[in-house]
Amino acid sequence: MVRSLEPKIARVSASRLRGPSFPVTVRPTRADVVAARFIARNTAPAPEMVARALTWGADEKVLLVLAAACWLASRGRGKPLRRAGNHALLVTVAASLLPHGLKRLFDQTRPDRRTVVGHLHGVPFSGKREDAFPSGHALHMGALASAAGALPAGPRRAIRALAVGLSLTRVVVLAHWASDVVAGFVLGAVLERSLRVWTGYPGDTSMENDHANT
């Protein structure tokens with residue numbers, strides 16, 4: 001009897017040593033499911049087409065092209081503009097790579113793969129089936145909203161409102177659960193603030209002081 005138990009004990013010990021297996025399955029919250037069902041039942045083809053078009057404003061390919069263009073335009077300018085161009089390019093590249101790495105670690109089924117009613121009402125299919133968490137679009141927008149903190153009040157509010165609005169389009173088209181968008185947005189903000197250490201991009205306080213002294 002003791003001998004027969006030895007292989008089982010060895011297998012259990014080995015599995016504990018290996019730790020958690022990847023990818024980790026992430027499940028939507030109850031609030032996520034309620035929100036997705038509400039959208040699926042109450043949307044229509046026209047608003048879905050509009051949301052689908054708007055969501056391109058937060059697409060990584062579009063943002064990489066814009067960041068590269070801004071970086072080139074900042075060359076030969078003053079030091080603050082060169083610093084801002086470096087920061088924008090680095091943050092955009094990092095924000096493009098990070099979601100791909102995280103989606104290798106986490107699996108979550110997109111809400112548009114769990115609805116029939118939604119597709120009847122115009123909801124499109126988006127991305128890979130298990131790549132819901134986190135939202136890469138929202139991650140870019142969180143970084144943008146964070147970077148806007150160094151701008152004057154008017155542009156700052158406008159950019160942050162735009163970033164939130166574009167992030168929410170990912171919920172409207174059921175490409176992501178609401179929690180995926182929140183997680184992506186927060187990760188983007190943290191990423192942008194962290195990269196300031198390398199780029200020297202000015203923080204909110206320093207910019208506000210500059211405006212106060214002019």
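Mentor: Take the second largest pocket. By class, its lining has three nonpolar, nine polar and 10 charged residues. (Nonpolar means Ala, Val, Leu, Ile, Met, Phe, Trp, Tyr, Cys and Pro; charged means Asp, Glu, Lys and Arg; the others, Gly among them, are polar.) The model is predicted: local features need pLDDT of at least 70, side-chain atom pairs need 80 or more, and totals for chains, interfaces and linings use all residues. Numbering starts from 1 along each chain as its sequence is written, and side-chain values use heavy atoms, with hydrogens and water left out.

This pocket holds about 590 Å³ of space. Its lining counts 22 residues. Nearest the centre lie His100, Lys103, Arg110, Gly127 and His137. (A pocket is an open set of points on a 1 Å grid where a 1.4 Å probe fits, with protein on both sides within 12 Å along at least five of seven lines; a cavity is a set the probe cannot leave; lining residues have an atom within 4 Å of a point.)

Which helices supply the lining? H4, H5 and H7 each give at least two residues. H5 provides the largest share, six residues. (Helices are DSSP runs of H or I with at least four residues, strands are runs of E with at least two, and both are numbered from the N terminus.)

Now set the largest pocket beside it. That pocket has a volume of about 770 Å³. It is lined by 30 residues, and Ala84, Ala88, Leu144, Ala147 and Tyr201 are the closest to its centre. Helices H4 (60–74), H5 (79–105), H7 (136–147) and H10 (204–213) each contribute two or more lining residues. H5 again gives the largest share, 10 residues. The class count reads 21 nonpolar, six polar and three charged. Read that against the three nonpolar, nine polar and 10 charged residues of the second largest pocket.

Go back to His137, one of the residues nearest the centre of the second largest pocket. His137 sits in H7, on the face that meets H8. H7 and helix H8 (residues 153–172) pack at an angle of about 170°, with axes 9 Å apart. That makes H7 roughly antiparallel to H8, a label for angles over 145 degrees; under 35 is roughly parallel, 65 to 115 roughly perpendicular, and the rest oblique. (Angles run from 0 to 180 degrees between N-to-C directions, and axes are lines fitted to C-alpha atoms over the stretch in contact.) From H7, the contact uses His137, Ala138, Met141, Leu144, Ala145 and Ser146. From H8 come Ile159, Arg160, Ala163, Leu166, Ser167 and Arg170. Contact means heavy atoms within 4.5 Å. The residues of this contact divide into seven nonpolar, three polar and two charged.

Leaving aside neighbours within four places in sequence, threonine 55 touches His137, Thr169 and Arg170. Threonine 55 is in the loop between helix H3 (45–54) and H4. Is threonine 55 buried or exposed? It counts as buried, at 4% relative accessibility. (Buried is under 20%, exposed over 50%, partly exposed in between, with a 1.4 Å probe and protein chains only.)

The peptide bond from phenylalanine 133 to proline 134 is cis, with omega near -10°. Most residues other than glycine have a negative phi, and most peptide bonds are trans. Proline 134 belongs to the loop between helix H6 (117–120) and H7.

Leucine 174 has phi near 60°, a positive value in a residue other than glycine. Its loop joins H8 and helix H9 (178–199). Leucine 174 counts as buried, at 1% relative accessibility. Helix H2 (residues 30–42) gives the largest share of its lining, three residues.

Finally, the whole chain. The protein has 10 helices and two strands. Buried residues make up 36% of its 214 residues. Of the contacts with a separation of 6 or more, 74% join residues 24 or more positions apart.

Key
Grid points are joined across faces, edges and corners, and a volume is the space filled by probe spheres set on the points.
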